[in-house]
Amino acid sequence: MMTSSWVSVVVILVACTSALRNEDDTQPCAKVHTSCSVVPLGSPVMATCVIREDCPLVIGQAVHIEWRLDNRVIPGSPVANDSDRVSRTVISSFNYTRAVLTCSIQASHQVVAGVEIQAGYPPESPQNVSCQMNLTKPNTLTCRWDPGQQETHLFTKYTLHTEIWDLTKNYTYEPPPGVHYYTITRFDFYLFTEMKIYVKAENDLGYVTSVPIILEPVSAAKFDQPNIIQVVPERLGCLSLSWSLSQQEEWMRHNSLNLEVRLKTADSSEWSDQMIFLKRVPPDDRLPSRLVKQCRLLHGTRYLAQIRVRYQQSPWSEWSRSRSGVTLESAPTGHLDTWLKVSGDNKTTQLGVQLFWKPSKQFRANSQNVSYAVSVQKLRSKEGKLCSTRENYCTFTLSTRVKRVYLYAMNGAGKSYPNEVRIYQRKVQTGITDVTAIPHTNKSLLVQWKSVITSGLTGYVVEWLPLLKTNPSHIQFEMADKNQPSLIITGSFEPYKPFGISVYPRFKDGIGLPQTVNAYVKQKAPSEVPKLLIKKTWNSYVEFTWDEIPLEKRNGIIENYKIFYWLENGPANVISANSNEKKVVLKNLETASTYEAFMMVSTSGGSLNGSTIHFEVDPFDGVVIVIIIITSALGLSLLIFTVMACFSKRKSSRQHRGFWPVVPDPANSSIKRWASESTQYTHSSWDSEEPNPIYLSHLSFLDLTTKLSREEDDLWLNNSENTSDLGESICGSPFIPGYNGSNSESVPYATVIFSDPCSSPPPMESHVYLRSESTQPLLTSEESFTPKCYQNMEHNGLSIEQCSFEPSIDNVPERGEDLVNFWDDFPFLRVLTLNETEND
């Protein structure tokens with residue numbers, strides 16, 4: 001907005017000036033006078049506008065001058081004792097970085113003069129002036145500076161100045177606008193002559209210079225990487241390094257240099273500040289390379305070495321490439337930490353022993369090739385040696401009489417002082433509970449436990465090993481004090497790999513049983529999801545099972561399994577199983593419907609979904625249930641009918657809605673009443689209140705077990721019930737075990753004996769039907785007819801021809817198949833075949 005206003009005002013002024021110059025090319029019509037066109041931001045500004053007497057715009061008329069700052073009108077006033085063609089304005093605080101001040105004739109709003117005013121800040125003093133020389137050819141000197149944080153809003157020019165005192169030569173260099181460094185060529189400086197260097201900043205409000213620096217150009221040189229030629233042992237605990245500068249800087253070897261050496265052992269991961277040593281290297285023209293020695297190092301230890309150089313206070317060069325060297329070896333010193341595990345019991349005379357060890361903080365192998373030996377004798381002897389190895393463990397067998405063994409560390413220079421190891425017996429008690437292991441960092445775990453036994457407790461042993469590596473050399477251990485409930489263990493822990501962690505209590509007289517947990521320093525989703533298998537289905541239920549995920553593919557501790565299942569286009573259902581179970585049952589499924597399902601396995605680091613499977617619930621189970629219900633209903637109906645037949649006395653002889661044909665009852669009939677029509681099939685109407693009478697004196701149904709004891713027989717025989725005038729109940733039947741025929745002289749017409757139909761499975765034997773032993777004659781010879789023969793099944797399964805009691809019919813059925821078809825006329829009596837036991 002300000003820029004566009006300023007442009008418009010300039011256009012008006014140019015047009016006005018052009019019009020006036022057409023009339024009078026010598027003088028402008030008006031002019032604005034200011035104290036300065038560039039002012040500090042926020043300072044006051046005073047201006048005066050003077051219109052010429054002969055200006056054609058105001059000839060012969062009164063003039064009133066109006067002031068504007070860009071497009072905003074500001075107050076002005078006539079100058080005292082002057083004409084109305086002179087006006088003055090004062091801006092108390094000019095807060096624009098750039099603006100146009102104009103004066104115009106108020107009547108016509110004609111601009112007659114104007115001026116542009118800029119505002120800003122004076123420059124800051126340049127800071128942090130530094131120079132660096134390049135020793136490679138061509139030699140150059142590059143100087144840099146910081147222009148400051150404050151924006152000046154004005155164009156600021158920077159110049160670099162050098163003064164060589166001895167030669168009284170001064171040079172000035174001006175970099176391009178916005179660039180705050182400059183490179184001086186080799187012709188404008190001398191390598192070993194001091195020079196003064198400073199930077200000057202200048203704009204319309206003033207100038208300022210930086211604090212000058214005094215330097216010798218070569219002292220500002222940054223050397224290239226030096227080169228370590230070799231590292232060799234000098235004497236015990238000392239290494240000698242030979243080194244050289246780059247070929248382009250080799251001429252600098254005639255000067256004294258500063259050198260830093262840093263060392264670290266080969267198994268260290270980082271360089272240590274405590275292993276950095278400063279050396280002063282004097283000039284030496286005799287040898288192309290220089291030597292530097294470093295002592296007070298460990299014996300027989302491989303070190304990596306790096307160096308860097310500089311001249312006086314020049315910048316340090318970059319560190320050289322690493323070179324390794326090994327100090328001279330000596331006999332091992334210090335103590336080894338040990339952990340001994342015993343297998344076996346008090347009944348055996350030999351113990352299996354596993355001994356593990358590791359260097360303590362004071363132990364020094366003093367060699368690159370260290371071996372270990374375990375002996376039963378304190379003085380080294382071949383007879384007592386149990387094992388010799390370069391590993392960190394040893395397995396051997398000991399007699400129960402041995403109470404201690406001795407561990408030695410050996411190298412080419414000698415052997416260490418013996419480490420005594422007591423043989424602790426294994427105890428069956430444990431002194432800890434609630435062992436947990438949680439990640440502490442990406443390389444460590446926090447192990448915690450609770451102590452339940454304090455008597456005789458001397459401390460704890462925390463042991464851990466990678467579960468995917470079975471070699472005992474990977475077992476690590478750490479000791480803990482008896483008052484210590486936790487321990488941070490560090491080692492070669494890998495993310496997503498399982499570790500087994502055991503905590504052993506240590507007692508005065510032995511080692512207790514451990515508590516073990518599995519842990520991960522970092523977890524993620526499993527790499528594999530087990531395949532869902534259908535174990536069985538029944539009704540609306542399906543049971544799924546799956547195999548365990550291999551340990552190397554779990555990537556963490558399995559927290560749960562989730563089964564997602566759904567019908568097509570239906571909502572998804574979820575059922576969970578904990579990590580200890582490998583099965584789940586889906587309930588209330590719809591039969592004859594296709595389901596989809598998949599498994600999701602989760603750890604604390606993520607979840608993974610398995611592939612989707614399809615399954616269907618077979619509707620056959622539902623049909624089976626319907627059949628069972630129908631069968632149960634039929635059985636219940638038969639039971640009700642049986643009860644009614646057993647306990648009805650007066651009306652039980654009537655026909656019940658056509659169940660069976662009419663059968664004459666000899667007890668209630670005479671030969672004269674046996675009309676031919678009485679033997680016809682008579683079916684009562686479904687609407688009649690009373691069923692047709694049946695002519696049976698008694699038909700009893702009795703449940704009987706397969707084998708009856710004597711006591712059961714007597715109880716049953718002694719409680720017979722007199723149900724008709726023909727005789728007593730089944731108690732008189734000779735077919736009942738124990739029957740003696742003395743209870744009564746008459747028996748019912750027929751008795752049917754069943755096994756228990758409701759509570760037990762049917763017996764292997766068929767049902768037994770007993771024919772009546774009634775002494776009352778059934779028929780007389782008043783009407784002559786020939787009874788129809790029928791087939792009766794003996795108790796032993798033999799077929800015997802019998803005769804039925806019906807009116808004479810000409811066609812008598814023959815034996816065999818026609819006889820079987822004849823019983824279709826008597827569907828109920830067909831299954832009540834009676835055994836023939838009459839005595840002629």
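**Notes on the predicted model**

1. In this predicted model, I would begin with an open sheet of 3 strands, which runs in the order β25-β26-β29 with antiparallel pairing. The edge positions are taken by β25 (336–343) and β29 (393–399), and because each has a single partner strand, one side of each is left without a neighbour in the sheet. From one strand to the next, the twist averages 25°.

2. Within that sheet, β26 (residues 350–359) and β29 are joined in the antiparallel sense over 7 bridges, and L355 stands opposite C394 in β29.

3. Turning to the chain as a whole, the secondary structure consists of 5 helices and 54 strands. Of the 840 residues, 39% are buried, and the accessible surface comes to about 47900 Å², with 51% of that area belonging to carbon and sulfur atoms. Among contacts with a separation of 6 or more, 63% are between residues 24 or more positions apart.

4. Which residues touch the most other members of the largest nonpolar core? That core has 43 residues, and the ones in question are L141, I197, F223, L241, W243, M252 and L259. Leaving aside residues up to four places away in sequence, L241 touches I228, Q230, V231, V261, R290, L291, V292, A305 and I307. A second, separate core has 26 residues, including W67, I74, I105 and A113.

5. The structure holds 5 disulfides, and, with bonded cysteines counted along the chain, their pattern is 1-3, 2-4, 5-6, 7-8, 9-10. I comment below on some of them.

6. The disulfide of C29 and C55 has its sulfur atoms 1.5 Å apart, and it is left-handed because the torsion about its S-S bond is about -60°. This pair links distant parts of the chain, 26 residues apart, with C29 in the loop between α1 (2–23) and β1 (30–34) and C55 in the loop between β3 (45–51) and β4 (65–69). C29 counts as buried at 2% relative accessibility, and C55 is likewise buried, with a relative accessible area of 1%.

7. For C131 and C143, the sulfur atoms of the disulfide are 2.0 Å apart, and the link is right-handed, with 105° about the S-S bond. Since C131 lies in strand β10 (residues 127–134) and C143 in strand β11 (residues 140–146), the pair ties together parts that are 12 residues apart in sequence. Both C131 and C143 are buried.

8. A further disulfide joins C238 to C295, with an S to S distance of 2.0 Å, and a torsion of about 115° about the S-S bond makes this disulfide right-handed. Because C238 lies in the loop between β18 (227–233) and β19 (239–244), and C295 in the loop between β22 (290–294) and β23 (302–310), the pair ties together parts that are 57 residues apart in sequence.

9. Is C295 buried or partly exposed? With a relative accessible area of 22%, C295 is partly exposed, because buried means under 20%.

Terms used:
Residues are numbered from 1 along each chain as its sequence is written. This is a predicted model: local features need pLDDT of at least 70, side-chain atom pairs count only at pLDDT 80 or more; totals for chains, interfaces and linings use all residues. Side-chain values use heavy atoms; hydrogens and water are left out. Helices (H or I, at least four residues) and strands (E, at least two) are DSSP runs, numbered from the N terminus. Buried means under 20% relative accessible area, exposed over 50%, partly exposed in between (1.4 Å probe, protein chains only). Contact means heavy atoms within 4.5 Å. Accessible areas come from the Shrake-Rupley method with a 1.4 Å probe; for residues, only the protein chains shown count as cover. Two strands pair if DSSP finds at least two bridges between them. Axes are lines fitted to C-alpha atoms, for helices over the stretch in contact, and angles run from 0 to 180 degrees between N-to-C directions. A nonpolar core is a set of buried Ala, Val, Leu, Ile, Met, Phe, Trp, Tyr and Cys residues joined through side-chain atoms within 4.5 Å. A disulfide is a pair of cysteine sulfur atoms within 2.5 Å.
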